[in-house]
Amino acid sequence: MLAVGKTHLVKFGNLAALVCAVGTFAFIAESGDLFANEGPAGRPPAVPLVVHDPYFSIWSFTDYLAEDWPRHWTGRIHALCSLIRIDGKAYRLMGTPQLDIPALPQKNLTVLPTRTIYEWETPQIGVRLTFLTPVLPHDLNLLSRPVTYLIWEVWSRDGASHEVELYYDNSAELAVNTPDQVVIWERGQAGSLVWMRIGTLEQPILQKKGDDLRIDWGYAYTAAPQSEDLRTVMTDHESARRGFVQSGTVPGRDDPPEPRAAQDRWPVAACAWRLGSVGAQPQSRHVLLAYDDILSIEYLGQRLRPYWRKYFAHIGDVLVQAEKDLPRLVDACEEFDHHLMKDAEKIGGRGYANLIALAYRHTLGAHKLTLGPQGEPMLFSKECFSNGCIATVDVTYPASPFFMLFNNELLKATLTPVLEYAASPRWKFPFAPHDLGTYPLANGQVYGGGETSEEHQMPVEESANLLILACVVSRLDGNTHYAEKYWPLLQRWAEYLEEKGFDPENQLCTDDFTGPLAHNCNLSAKATLALACYADMCHRAGKEEPSAKYRKLAEDFAAKWIQAADDGDHYRLAFDKPGTWSQKYNLVWDKLLNLNVFPGEVRQKEVAFYKRQLQPYGLPLDNRALFTKTDWTVWTATLADSREDFDALMNPLYRFIDETPDRVPLTDWYWTNNARLRGFRARPVIGGVFIKFLEYPDLWKKWSTTAEQ
């Protein structure tokens, strides 16, 4: 157990940040009494640094920031480097440049929803580097800005003054898919900022699709406030870094912007500051790291711009506003992080709060917010390291608790692209689609039989998902206006589930890696609850006759389910397979939405059985294998009626996060016996871990109504 130290307030420039002295590694740190209870240490498998969308997503895969280069979520190096000189001696803070200089001793790592904070100490000097990504969910303008602030603070610890210089650079790797691609660079000014940008010569906008890809169009921007002590340069990495180590500054002239490969002497955009004599009062400097992708998504043949273009004509305008907003955003993010972590700890304990801290930017970073064809927000997910699909319905479903909690407009923004596609003449099936294509091209379903065949589709899965999600949208809106735009679809899918939902044929569900399964009990429960959700929407829309019909149908299905699925002390994996079991995570909506279709004893019996199936690192998904899903584990634990049972099911998951040897952005598919990665990483479905909040009406109202202010 890592001790939590006292809280202290640190001033830097005209800003203020509340940070705690904590143990060597911790996800969260807010106040000493907040985490007085015992809990996991909270060692993140990978640390979010600059996380905005599936392309602009940079992480540290190690505990120490100077232990390795930062990396894109796919594992490719996206080099960020930071050095410091103290009284003429150079140290490394971030990255591993090939320089014969030591790393400054790192003391703390703190991960919060919108901030990641590193601290270093020597007897003489203290240093703090904060990665601030102000993705506050109630403000779509702010949320869509592709800007992360890197804020350094330096102060003396021994009562003496010390001469200090700071250095930062990022490489052209941020703007290429592979480092053999040719890049160019240039510089300019925006308000009080000086900026440098790097991008490919070719600019193949939206010309690639797939999973293990990085962006190779648009430009990576590095911006900093102009000042007498700042020097910037675009040159090869060795000249920039060696120059700083030797002299405390960087070369005075940019390399000619001749096109060359990103790996040809590794061009960087570098900043160096002479802080001068630093005493006990902290001094701070910052840069804005941004990415202008120009065009983000192709949707049914139309190229969509990033959502921030609704408010700004050019990325330079974004940078100017971002610089102006920094003092306000420091305070706003501090307040947001504090209250979210306090609530998470209250309902789920320290381990759950750690998970929420890690999952927040992760969830948003697996989505891209765009300006739709009619100027509406459209939010597209990517199936990271599974198949690269875009806007997958059975990915939106597990990710949805995040958006349900924070902003119903974002939930609708995930549904609108799919519902518009399903309502078009292109979609001819009586059930809902699975996806819209392969990221970033949302030009029509590619999974299974695509638009041409029912083969390898997920008909019950996706139809039920969209009915449940539409019901939640209606409840949060307090009306069915959104749902009514797509009522013929919803009715068609309800009729499909009426015929096919109770006893599903041999077909895939969202856990498609387990293969098709007939008579799937968990899928049947989902269909049953989806019909209850449709009945609920009908009632809210004043359609009382279909409301009564589908409510009775759901109740009849549930009564038959209890008998057909019963296996003594639990319920089966499939109706025709005695001696089997599975996580019935879909039952959670009966509890959270107060549908009251299944008796509470069903959940209680399942939870009691699950507690006896636990492995060292979690609850297996079902009896067929020892792997599990991170998101479904939290949904299943939320079935529990007591905090004791919730903790019993969740504690092995926290242990997995702390101990897994696979250092990648959090996976949602792993082995419960040895904590090893089974597959997937950085996927949108991690948003599902926020579902525990939805169990508490006051908290759900508190966080969802924030978006309306």
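**Ground rules**

I number residues from 1 along each chain as its sequence is written. Because the model is predicted, I take local features only at pLDDT of at least 70 and side-chain atom pairs only at pLDDT 80 or more, while totals for chains, interfaces and linings use all residues, and side-chain values use heavy atoms, with hydrogens and water left out.

**Entry 1: the cores**

I began with the nonpolar cores, meaning sets of buried Ala, Val, Leu, Ile, Met, Phe, Trp, Tyr and Cys residues joined through side-chain atoms within 4.5 Å. For burial I use relative accessible area: buried is under 20%, exposed is over 50%, and partly exposed is in between, with a 1.4 Å probe and protein chains only. The largest nonpolar core has 222 residues, and Y352, W589 and F693 have the most contacts inside it. Which helix gives the largest share of this core? I found that helix α3, residues 315–365, supplies 22 residues. Helices here are DSSP runs of H or I with at least four residues, strands are runs of E with at least two, and both are numbered from the N terminus.

I also noted a second, separate core of 16 residues, which includes W69, A90, I101 and V245.

Next I looked up the contacts of Y352, where contact means heavy atoms within 4.5 Å. Neighbours within four places in sequence aside, the partners of Y352 include V634, F646, M650, Y654 and F693.

**Entry 2: two crossing helices**

Two packed helices are described by the angle between their axes and the distance between the axes. I looked at α4 (residues 393–406) and α15 (residues 697–705), whose axes come within 6 Å and cross at roughly 75°. The axes are lines fitted to C-alpha atoms, for helices over the stretch in contact, and the angles run from 0 to 180 degrees between N-to-C directions. α4 and α15 are therefore roughly perpendicular to each other. On this scale, under 35 degrees is roughly parallel, over 145 roughly antiparallel, 65 to 115 roughly perpendicular, and the rest oblique.

Which residues make the contact? On α4 they are M404, L405 and F406, and on α15 they are L699, W700, W703 and S704. I sorted them into six nonpolar, one polar and no charged. Ala, Val, Leu, Ile, Met, Phe, Trp, Tyr, Cys and Pro count as nonpolar, Asp, Glu, Lys and Arg as charged, and the others, Gly among them, as polar.

**Entry 3: helix α6**

Helix α6 covers residues 459–477, and I checked its span: 19 residues at 1.5 Å a residue should give 27 Å, which agrees with end C-alpha atoms 27 Å apart. The expected span is 1.5 Å times one less than the number of residues. Of the 19 residues, 16 are buried, so α6 is largely enclosed by the rest of the structure. Just after α6, G478 takes a positive phi of about 80°.

I found a cis peptide bond from Y439 to P440, with omega near 5°. P440 sits in the loop between α5 (408–422) and β24 (441–442). Is P440 buried or exposed? It is buried, at a relative accessible area of 0%. Y55 is 385 residues away along the chain, yet the C-alpha atoms of P440 and Y55 are separated by 9.9 Å.

H519 has a positive phi of about 60° although it is not a glycine. I placed H519 in the loop between α8 (487–500) and α9 (521–540), and its 25% relative accessibility makes it partly exposed. N594, also not a glycine, has a positive phi near 50°. N594 lies in the loop between α11 (588–592) and α12 (600–611) and counts as exposed at 56% relative accessibility.

D53 is in the loop between β3 (47–51) and β4 (57–60), and at 7% relative accessible area D53 is buried. Leaving aside neighbours within four places in sequence, D53 is in contact with G365, H367 and K368.

D293 is in the loop between β19 (283–292) and β20 (297–299), and D293 is buried at 7% relative accessibility.

Last, I looked up W635, in helix α13 (residues 630–638). W635 is buried, with a relative accessible area of 0%, and the residues it touches beyond four places in sequence include Y397, P398, Y585 and W589.
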